[in-house]
Amino acid sequence: MASSHEYKYLNPDIFSLRRHKMEIRILGTGCPRCNEVEKRTMNALAELSMAADVQKVKDINEIAKYSAFGTPGLVINGKVKSSGRIPSLEEIKTWIQQEK
Amino acid sequence: MPRKTAEKISKLTWEDRRMKDRWILSIFVTVFLAAFFIPFGQLNVQKALVEAFSLLQEYAREHVLLCLIPAFFIAGAISVFIKKTSVIKYFGAQARKILSYSVASVSGSILAVCSCTVLPLFASIYTRGAGIGPATAFLYSGPAVNVLAIILTAKVLGTKLGVARAVGAIVFAVLIGWIMHLLFEKKPESIDAKTDIPVEEKPESRSLWKTALYFSTMVAILVFINWGKPGTEAGTWASIYSVKWVISGVLLLSLAWMILAWFDKAERKEWTFSTWIFAKQIFPLLFAGVLMAGFLLGRPGHEALIPNEWVARWVGGNGLGANLFASIAGAFMYFATLTEVPILQGLLGAGMGKGPALALLLAGPALSLPNMLVIRSVIGMKKTLVYILLVVIMATISGLIYGVIP
């Protein structure tokens, strides 16, 4: 596991974002459609050169705690942005900028 | 705290990679053990191997181009172009109960294009929405009424069994949901959070009739290119058969026009992409399932590794025992998406009765051992046991009924 030191070296920006850290959760049990949403989210963050706490939520009972019906779901800062479909890269970028 | 963020991110990719490596390792071990232990010199094993590849060839020649690929395009279109919020509002805590049940039992066709979405939706409906009744109704019918399952069942196992599967799933889903609701009515206070259905969908870009026409054209194409050769030379069915390629061609051209005129480039891209994801996910499983079914059971009329007498003894005819056995076996067995179809084809060819076949089709994809564990984590041990019992009973009853229909 990479230590925080290594991370600082790789991406010094990550800690400056701590003040308003963005939380992104990808809901899905690990099917290819959910992985696609994760990939697009990462690409969106990279294109905006932003860092965020991105986690996949795979446990079904955890997924059910969000008010998202259907997987894959995308949650940014606790708000369900999409569910049951794969949003486009542009959509994800817009949502990330809204929540910045 | 910053350290924690970094750890979380690195852990994410690290764990994914480790899972993937474990998965690859387990495939290696399986292939190695198979290569090590299977007695390929024996005549019956060689026969079974030939059967496996013959069945694979049958699928490649008969079902892939004209049935599976169009079906994947329809599934992709459903997942991209049908707005799900209109359906999901019936799962809310405030929705009217009768509507919830009926919507829950049929909506699998729209919401659960692949079976991996059934369980999370079930958990959501149970914990945040309409409660245990509609949730279990959805759980039971979801795997049976999704487009891919219905199309492949009808194509490979016959239209009658395809329709019986869908109808049986829908009718008995309502019944199971209703019984679960009567037994374990959820107390009102447990519905704490007023379920807010996310309103994130973009406004509809084309009118409803265009979407409807687009979908019905696709379904019509699928129906006409698979139009079977009728037994007689005369009659409407025969005359439709003689012009089926003309009709399909005209429909295909009009579909092409619709796609170009009504959809923009981004939408077309999403559609193909979504189709591709389904294909990528399901084709390898189906490939393995067909080989396995062919190896163990053979094509209809050919015997492979498992002797036909065994099949006939356990699930032949239409007795209570055969139906019950098929239901219980189906409930515990794990079927990857769509693989129930080649397995059923093998079993039917080896002498399985049509009643038990329906029982297995209904209980099989709806339940499996790993599935049961997940369901237990959502609704608890007692409810899960009752649900399993209900599924086995209902599947048995459906099988018995279907078995006596001529």
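Student: Axes here are lines fitted to C-alpha atoms, for helices over the stretch in contact, and angles run from 0 to 180 degrees between N-to-C directions. With that settled, at what angle do H9 and H17 of chain B pack?

Tutor: Quick note on the model before the answer. It is a predicted one, where local features need pLDDT of at least 70 and side-chain atom pairs count only at pLDDT 80 or more, while totals for chains, interfaces and linings use all residues. Residues are numbered from 1 along each chain as its sequence is written, and chains are lettered from A and ligands numbered from 1 in the order in which they are written. Now, H9(B) (residues 159–183) and H17(B) (residues 354–366) pack at about 50°, and their axes are 10 Å apart. Helices (H or I, at least four residues) and strands (E, at least two) are DSSP runs, numbered from the N terminus.

Student: Which orientation class do H9(B) and H17(B) get, then?

Tutor: They are oblique to each other. The classes go like this: under 35 degrees is roughly parallel, over 145 roughly antiparallel, 65 to 115 roughly perpendicular, and the rest oblique. H9(B) passes H17(B) in a right-handed crossing. A crossing is right-handed if the near helix is turned clockwise from the far one by less than a right angle, and left-handed if anticlockwise.

Student: Which residues of H9(B) and H17(B) meet?

Tutor: From H9(B) you have B:Leu161, B:Ala164, B:Arg165, B:Gly168 and B:Ala169, and they meet B:Lys354, B:Ala357, B:Leu358, B:Leu361 and B:Leu362 of H17(B). By class, that contact has 7 nonpolar, 1 polar and 2 charged residues. Contact means C-beta atoms, placed from the backbone, within 7 Å. For the classes, Ala, Val, Leu, Ile, Met, Phe, Trp, Tyr, Cys and Pro are nonpolar, Asp, Glu, Lys and Arg are charged, and the others, Gly among them, are polar.

Student: And how does H9(B) sit against H19(B)?

Tutor: H9(B) and H19(B) (residues 381–404) pack at about 145°, with axes 10 Å apart, and their crossing is right-handed. Residues of H9(B) in that contact include B:Phe172, B:Leu175 and B:Ile176, while those of H19(B) include B:Tyr387, B:Leu390 and B:Met394. The contact divides into 13 nonpolar, 2 polar and no charged residues.

Student: How do H6 and H7 of chain B cross?

Tutor: At roughly 170°, with the axes of H6(B) (residues 118–128) and H7(B) (residues 132–145) coming within 8 Å. That makes the two helices roughly antiparallel, therefore. The crossing is right-handed here too, and the contact counts 11 nonpolar, 1 polar and no charged residues.

Student: Switching to chain A. What's the order of elements from the N terminus?

Tutor: The elements run α-α-β-α-β-α-β-β-α, with 5 helices and 4 strands in chain A.

Student: What order do the strands take in the sheet?

Tutor: It's an open sheet of 4 strands, E2-E1-E3-E4, with mixed pairing. The edges are E2(A) (53–57) and E4(A) (79–83), each pairing on one side only. Strands pair if DSSP finds at least two bridges between them. E1(A) (residues 23–27) and E2(A) are parallel over 5 bridges, whereas E3(A) and E4(A) run antiparallel with 4 bridges.

Student: Which helix packs on that sheet?

Tutor: H3(A) (residues 32–47), which touches E1, E2 and E3 (73–76) of chain A; its direction makes about 160° with that of E1(A).

Student: Are A:Ser49 and B:Leu338 buried or exposed?

Tutor: A:Ser49, in the loop between H3 and E2 of chain A, has 8 C-beta neighbours inside 10 Å and counts as exposed. B:Leu338, in the loop between H15 and H16 (340–349) of chain B, has 26 and counts as buried.

Technical notes. Contact = placed C-beta atoms within 7 Å. Buried ≥ 20, exposed ≤ 12 C-beta atoms within 10 Å, placed from the backbone.
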